[in-house]
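Dear colleague,

I am passing this structure on to you, and I would be grateful if you read the notes below with it open beside you.

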Number of protein chains: 2
Amino acid sequence: MVSLLKMPKNELESLQNTLRDQYEDFKAKEYNFDMTRGKPSSDQLDLCNEMIKDDSLYNDPKSSNGIDCRNYGVLDGIPECKQLFAELLDVDEKNIIIGGNSSLNLMFDYVSQCMTHGSGDLPWAAQGRIKFACPVPGYDRHFTICEHFGIEIVNVPMLDDGPDMDFLADLVKDSSVKGMFCVPKYSNPEGKTFSDAAVKKLAALKPAAKDFRVIWDNAYCIHDLNATPDNLINIFDACKEYGSEDMFVEFASTSKISFPGSGISVIVASDNNIDAIKKRFFAQTIGYDKLNQLRHARFFKNAQGVRDHMKKHAQILYPKFEAVTSALEKELTGLEIASWNKPNGGYFVSLNAMDGCAKRIVELCKQAGLVLTPAGATYPYKNDPNDSNIRIAPTFPPVEDLKVAVQILCLCMKLAAVEKLLQK
Amino acid sequence: MVSLLKMPKNELESLQNTLRDQYEDFKAKEYNFDMTRGKPSSDQLDLCNEMIKDDSLYNDPKSSNGIDCRNYGVLDGIPECKQLFAELLDVDEKNIIIGGNSSLNLMFDYVSQCMTHGSGDLPWAAQGRIKFACPVPGYDRHFTICEHFGIEIVNVPMLDDGPDMDFLADLVKDSSVKGMFCVPKYSNPEGKTFSDAAVKKLAALKPAAKDFRVIWDNAYCIHDLNATPDNLINIFDACKEYGSEDMFVEFASTSKISFPGSGISVIVASDNNIDAIKKRFFAQTIGYDKLNQLRHARFFKNAQGVRDHMKKHAQILYPKFEAVTSALEKELTGLEIASWNKPNGGYFVSLNAMDGCAKRIVELCKQAGLVLTPAGATYPYKNDPNDSNIRIAPTFPPVEDLKVAVQILCLCMKLAAVEKLLQK
């Protein structure tokens, strides 16, 4: 295909007319597609339905150490769940706390704890204006937590192998920079995984703030899509050489393994951080839902059980990602109006449109019956400086819908690009 | 029986010898009783076992408004749970938020929110040293939340019909007093219920702090034991006359209705407070466990279903409370060394021993194989100024154990009293 950038004006005008006709055809069909959020599809949820009516809980509600999971108690999780995550994440059970239904909630609570009690000598809230580093594009909910607590967000460019480490190393010379949010594996939205070198450089980071904390949101730790998955090395192993274990707090959940909103979550942290978090837990709760912990442990049995289960998710998800990326390739290759990733896992395809076109594309799609994540959502303060990034969430719609939706998307991308080029 | 206070020294010495022999007999039996916490017994938990394996969730995981409860979404609870609690607590559904497995967690989070964001113009944390009023004796977990956030606790005497309102009205003239924790029905530990007059006076309270908040912990709202239950009037109805709805935030849960740790919780609040809480929720979570909400709504069906269910709890609990109070009456009446309540509901019997004896009694019991809540636990900073109050939690042990345990308790109370009197 010919680059639109090199197309003469009269050809662009002619193309615009053709595209507009096609666009009107789509509009007339009154489609109603939603690709806004990274939600599992109902056939993914069906994979865990047996967990819902697990008779074993009814017959024996006791954990492996004899605790009646129907009653009060156990602050940090039942042993079988700790074992499960210790094996999956390759860490000691003593460095694990099992949480409730949401790792986002655990991350929010941890930042809240740092604000009121600090992660070092002083509460963050008592230290004046503080900042967080966030690789961009990134996960909107991370930004929301920072914004909620009045933490200023500094954009860190995301390179192909992780955050721009030179930029970050320079940034953390400022002692008001107290931490960083990141998704180290299959990053949201770009599906990139931090390289071994990047993880080691992070472990070796020497921030001016002694109470600097990296929120290591390992949301997609075992969420591979194909036979060539990415590999993320264990951050706590990397820290050993530098004694920097206290700088990282890892979070994960089964939200996209079992049920979003009805799964279990986990914190992995150093001995010091586990102690500090448990102190807050003691004031905050009597304990999380142990019946749901037991339900999960009995259903998955062990780490291999979870890994096998994730292959079933991949079987459902791979064709959806393939439908998106192959259509993008077919429709847009050579036009020089977009780039996109082809991730080995995670929940998103990240699309970079021609600068200044993302908002227009999302608006055009909406009018044609395809709701996308709002343009800008992948940047702090909803401000994508290039108005270029669009997050595609292909997991929820059926693959047939998806194929049509991507046709609409590609058409709108071309239309927006032509409009832009004709304005010049 | 003869008052020990009037007993001559030689008779006290003789009694001491007899009691010591009895005490050694108990010790020799090596009992192991635990009455430390207000935990339901396993036969109470059995009442809800069918909920655990509810096939209806498996067959139809959708809420009444068609939401798939297995997936993300719904920040404030599914409609059928809101309806259930609206009916039970006699409030509008719009003033209800359904939470996770712990109302304590919701209370902690609310105080945390007030610390970082305030309940009025300024964050509490930005207002210097702040204070909370707490009726005493009270619930240790409330005190722990205050202590965690560095909020100074001021003891408010608990009278028979509620907090000492004259004392409180005077106290809240101090604008650094930002709130109060209370259990208005079947208070923990005394089982007292705020009278209509007390509730109205609270609604009419005019604290100097415009951002004053009462944490209305209605933990035992429908937890009656007998056919003559206490009645608590609706705080929000009482507020209407004074326009003070924003001053109260009510919390409750099914922890002692269904399963402790695996139940659902609820916030009731004014429109303004609901808005403020939802703002924080939006940053904190995608939503609470909707499958568990649906499980509860389907099991109980409606408010009458919950009320009927509570009668089954009462059938199990009444004989236990009766075993405790009848033994106290039989063993201690007339001795003038103790007073206790005989509650119509709740989870505790509160015992006031002779001043300066509570710690000694708990220690004596422990050595004879009966673990009680530590003396002082019902007071802020674990400091019972009279060293008198002991919280008896009769719900967990089987009634046969309970009968023996109370014999040990009564014996230790007599022994400690005699020791004390002989020291004089």
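This is a predicted model: local features need pLDDT of at least 70, side-chain atom pairs count only at pLDDT 80 or more; totals for chains, interfaces and linings use all residues.

Residues are numbered from 1 along each chain as its sequence is written, chains are lettered from A and ligands numbered from 1 in the order in which they are written, and side-chain values use heavy atoms, with hydrogens and water left out.

To begin with the two chains, chain B is superposed on chain A by a rotation of 180° with 0.0 Å of shift along its axis, at an RMSD of 0.0 Å, which is the relation of a two-fold axis. Such a superposition is made by least squares on the C-alpha atoms of residues with pLDDT of at least 70 in both copies. Among the residues of chain B, B:Lys53 comes closest to the rotation axis, with its C-alpha at 2.3 Å. The same surface serves both copies, since 100% of the contact residues of chain B recur in chain A, where contact means heavy atoms within 4.5 Å.

One meeting of helices joins the chains: the axes of α11 (residues 271-284) of chain A and α7 (residues 140-148) of chain B come within 8 Å and cross at roughly 135°, which makes α11(A) oblique to α7(B). Axes here are lines fitted to C-alpha atoms, for helices over the stretch in contact, and angles run from 0 to 180 degrees between N-to-C directions; those under 35 degrees count as roughly parallel, over 145 as roughly antiparallel, 65 to 115 as roughly perpendicular and the rest as oblique. Helices (H or I, at least four residues) and strands (E, at least two) are DSSP runs, numbered from the N terminus. On the side of α11(A) the contact is made by A:Lys279, A:Arg280, A:Phe282 and A:Ala283, and on the side of α7(B) by B:Arg141, B:Thr144, B:Ile145 and B:His148.

A nonpolar core is a set of buried Ala, Val, Leu, Ile, Met, Phe, Trp, Tyr and Cys residues joined through side-chain atoms within 4.5 Å, and buried means under 20% relative accessible area, exposed over 50% and partly exposed in between, with a 1.4 Å probe and protein chains only.

In chain B, B:Phe212 lies in the loop between α9 (196-203) and β7 (213-217), and it counts as buried at 1% relative accessibility. Its C-alpha is separated by 8.8 Å from that of B:Val172, 40 residues apart along the chain.

Some backbone details also deserve a look. A cis peptide bond, with omega about -5°, joins A:Val136 and A:Pro137, and A:Pro137 is found in the loop between β3 (131-136) and α7 (140-148) of chain A. In chain B the peptide bond from B:Val136 to B:Pro137 is likewise cis, with omega near -5°. B:Asp387, although not a glycine, has a positive phi of about 45°; this residue sits in the loop between β12 (370-372) and β13 (389-392) of chain B and is buried, with a relative accessible area of 16%.

With kind regards
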